[in-house]
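Subject: Structure for your review

Dear colleague,

My notes on what was found in it follow directly after.

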Amino acid sequence: MQQNLMNDMHLADLPAIKFLVGDTEGFADIKTVSPLMPFDDKVTEFLNTLSKNLMADREAKAFPDVVTLAFWMRRSSIMKLKERFVKDDGDIHFGQGIVFHIAPSNVPVNYAYSLVSGLVTGNINIIRIPSKEFPQVGIINRAINEAMKTHKIMKNYIFLVRYEHSQEVNDFFSAMADTRIVWGGDNTIAEIRKSVLSPRAGEITFADRYSLAVINSDMYLESDEKERLAESFYNDTYLTDQNACTSPRLVVWTGNRKDEAKSEFWSVLHRLVRAKYEFQPIMGVDKLTSSYLMAATHAGVKIEDHEDNYLIRIRLNSLDESIMEYKDNCGYFFEYDCDDLMELKKLCNNTKCQTVGYLGDREDIMPLLRSGIRGIDRVVPIGKTMDFDLIWDGYNLYERLTRTINLLI
Amino acid sequence: MSYEALLEIPPYSLEKEEKKKILTERLVELTKLHKEKCPEYRAILNSVDFDIDAVEDYEQLPFLPVRLFKELELKSIEKEGVVKTMTSSGTSGQSVSKIYLDRVTSSNQQKTMVKIVSDYTGTGRMPMVILDCPSVVKNRLMFSARGAGILGFSIFGSKKIYAFNDDMQLDTDGIKEFCEAYRGEKILLFGFTFMVWQHFYKELVRLKEKGIIFDLSNAILIHGGGWKKLVNEAVSQEEFKQRLKDVCGLDSIHDYYGMVEQTGCIYMQCECGHLHASIFSDVIIRKPEDFSICNKGEKGIIQVVSAIPESYPGHSLLTEDEGELLGEDDCPCGRKGKYFRIYGRLKNAEIRGCSDTYAAKFNE
């Protein structure tokens, strides 16, 4: 019933939808647009133009996240993805069709990564853009509109919309979607799931997750790139107020010279944080509340001495599974000394556990990863936790966003 | 010094050094008491390796963020000893502070408040008009901040009436009669700042236009609860006073700063417009970045210490309010101790992150 109802509905009957890219006229024909094969040249060339537009944009230079995005979209980078994901298997692959994306409200460029994932896999994309006005969104959309002037065909594949929270509109876009991608965490997912998908449609949800870092003290102390490592760790954490799903909340120290490594690592980081991080007055109160709450509810907690409220460290003497319920952000770290990474099994045997930022011997973490834990989707070098890839949050987006015509003739 | 002995000292009579000595001694005692009796408090002190024997000044004592009282049930007495549980005001769905009082702490709160307020109103009870509605204190099991404030101040009233009915309509006739009956006596008006403005002042203005005029030149108004809700009205403290005076002749108006977590130790505004710390408590203004102590005239986060709390570890607290120290021992009003001003609540952090519900955890 609902399905029919939705099919009969038109944009004009819905609460106001603003098109930031695309228009109602183009949208009217959306169901007649054919999906493309993955990594279609039209898409690759369009992305390369978009990348150039962004690199040339004076305003964009002020936003490292936009620059990173532009870099990721250039031809050579997309070709590398193609090499990794396109297999000559004799089958025919196509985009699923229409992908409805719900972008998160407070990571400015995230919607663009979601869009590019939908495009390179050959899909038609409808993206709900967050209502918060980020300068990055304006810059990127301007560049998209500019690139479309020379890649007119792409107008059929990109519809960026903004609307007030409305289940009616969610219903409408969900009903026409072949795949729905929901960013924004548990509450947003619960909200969006009130809107029914068609029976064949799939859904990719990015739920609330947490991440950690593992650092081998000996390897750290031997490194002659301590400043760069601090910078990398800063990007993993403070750059997103340590509140991204990828931001390490816990730092696990291994190796023989833990105390020495800690003292150096944190003092180099602290200098950087003092120089770069924009501290808000309530943050100190928040972190004090979190640390005392942790101390009052968990045995053996030690709040490390700190010069100021920019960087707070909580030393744990056991990895209670509940610790992540007590996590905080903006420079609030749990720390744990560990001689065998299998000790992390309990903590990581949890579907909420996402990324491990890693500095250490590859072999040291293998037993843990092979132990059948339900968490940990990626292990990446320190500084790379935010690097987007078509394998993200444990999903192979390439596979999830394409369909296969199985050829056995 | 016992609290009874402290209560014998006039509330604004001690100079800085004397006050420091007495307050440090008492607050160190309280710290030890709570460390012994409250397991969560003990765990917190242990987590920072706090050494009570090294304390020379109460400024060195740890302070608990007030939000902890929303997250934890902190008390230093057995359940059986609890005679009252106070809660902070909070709209539905939000967690509220829970403050557990025993007989001693509850009684010391009341005695302390009498000492402090009498310094402004004079001793002896007065006919009292409560600028609120009767229903706000009806549920005596759960004391809201508004209810607790009213009950707390009610001890100053010889004869009391509520100014509003439960629909917040001003009882014009009732108040007229009341003022007639006590003509020539000093009348105490008490209410929350926003209520006073919204339901009392505005109604007086309306009545005046119709020719109904109240003369409250012999009254004293004590009001508290903060200015947050008046921001939309764009009323400054000066204007608040001036306009009340214009409409009904009310000349003696005192704001106060206080919180349910340290009931009793309120900070009254003097004739010069300054909030004052009595000998029973103090404010310490701290820098947000590192919690070091601000200089006079520097804006920071307000820590409050109180010599009262024995039943819960609330003798040293970090508020979420911003304030500024104006001076110490030298207010023109003659009262000793620190005097300061309040800027209101700290802003919630605006942070980035993947999850759209990022700020929900502690939001008020």
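Which residues of helix α11 (residues 226-236) of chain A are buried? They are A:K226, A:L229, A:A230, A:S232, A:F233, A:Y234 and A:D236. These buried residues pack against β8, α10 (217-222), β9 (248-254), α12 (258-276), β12 and β13 of chain A.

Please bear in mind that this is a predicted model. Its scores are ipTM 0.92 and pTM 0.92. For chain B the mean pLDDT is 90, with 94% of the residues at 70 or more. Residues 357-364 of chain B, however, have a pLDDT below 50, and this stretch makes 16 contacts in the model beyond near neighbours in sequence. Where pLDDT is low, the predicted coordinates should not be read in detail.

The sheet of chain A

Chain A contains an open sheet of 7 strands, with mixed pairing, in the order β10-β11-β12-β9-β8-β13-β14. Strands β10 (302-303) and β14 (378-381) of chain A are at the edges and have a single partner strand each, so one side of each lacks a neighbour in the sheet. Within this sheet, β11 (residues 312-315) and β12 (residues 332-337) of chain A run parallel and are joined by 4 bridges. A:R313 has A:F333 in β12(A) as its bridge partner.

Two helices of chain A may be described together with this sheet. Helix α13 (residues 281-297) of chain A packs on the sheet and touches β10, β11 and β12 of chain A, its direction making about 35 degrees with that of β12(A). Helix α15 (residues 362-369) of chain A lies across β8 (210-216), β13 (353-359) and β14 of chain A, and runs at about 160 degrees to β13(A).

A helix contact between the chains

Helix α13(A) also meets helix α3 (residues 39-47) of chain B: their axes come within 8 Å and cross at roughly 115 degrees. The crossing is right-handed. On the α13(A) side the contact is made by A:Y292, A:A295 and A:A296, and on the α3(B) side by B:E40, B:A43, B:I44 and B:S47. By class, the contact has 5 nonpolar, 1 polar and 1 charged residues.

An enclosed strand in chain B

Strand β14 (residues 316-328) of chain B has 11 of its 13 residues buried, so the rest of the structure largely encloses this strand. Its pairings are as follows.

- Strand β1 (residues 64-65) of chain B runs parallel to β14(B), with 2 bridges between them; B:P65 stands opposite B:L318.
- Strand β13 (residues 299-306) of chain B pairs with β14(B) in the antiparallel sense over 6 bridges, and B:V305 has B:S316 as its bridge partner.
- Strand β15 (residues 338-345) of chain B pairs with β14(B) in the antiparallel sense over 7 bridges, and B:L325 has B:F340 as its bridge partner.

A residue of helix α7 in chain B

Is B:T172 buried or exposed? With a relative accessible area of 18%, B:T172 is buried, and it lies in helix α7 (residues 172-181) of chain B. Apart from neighbours within four places in sequence, B:T172 is in contact with B:L207, B:I212 and B:F214. The C-alpha atoms of B:T172 and B:N348 are separated by 41 Å, the two residues being 176 residues apart along the chain.

Yours sincerely

Definitions and conventions. Residues numbered from 1 in each chain as written. Chains lettered and ligands numbered in written order. Predicted model: local features only at pLDDT ≥ 70, side-chain atom pairs only at ≥ 80, totals over all residues. Heavy atoms only, no water. Pairing = 2+ DSSP bridges. Contact = heavy atoms within 4.5 Å. Axes fitted to C-alpha atoms, helices over the stretch in contact; angles between N-to-C directions. Buried < 20%, exposed > 50% of the residue type's maximum accessible area, 1.4 Å probe, protein only. pLDDT = per-residue confidence, 0-100. Left-handed = near helix turned anticlockwise from the far one by under 90°. Nonpolar A, V, L, I, M, F, W, Y, C, P; charged D, E, K, R; others polar.
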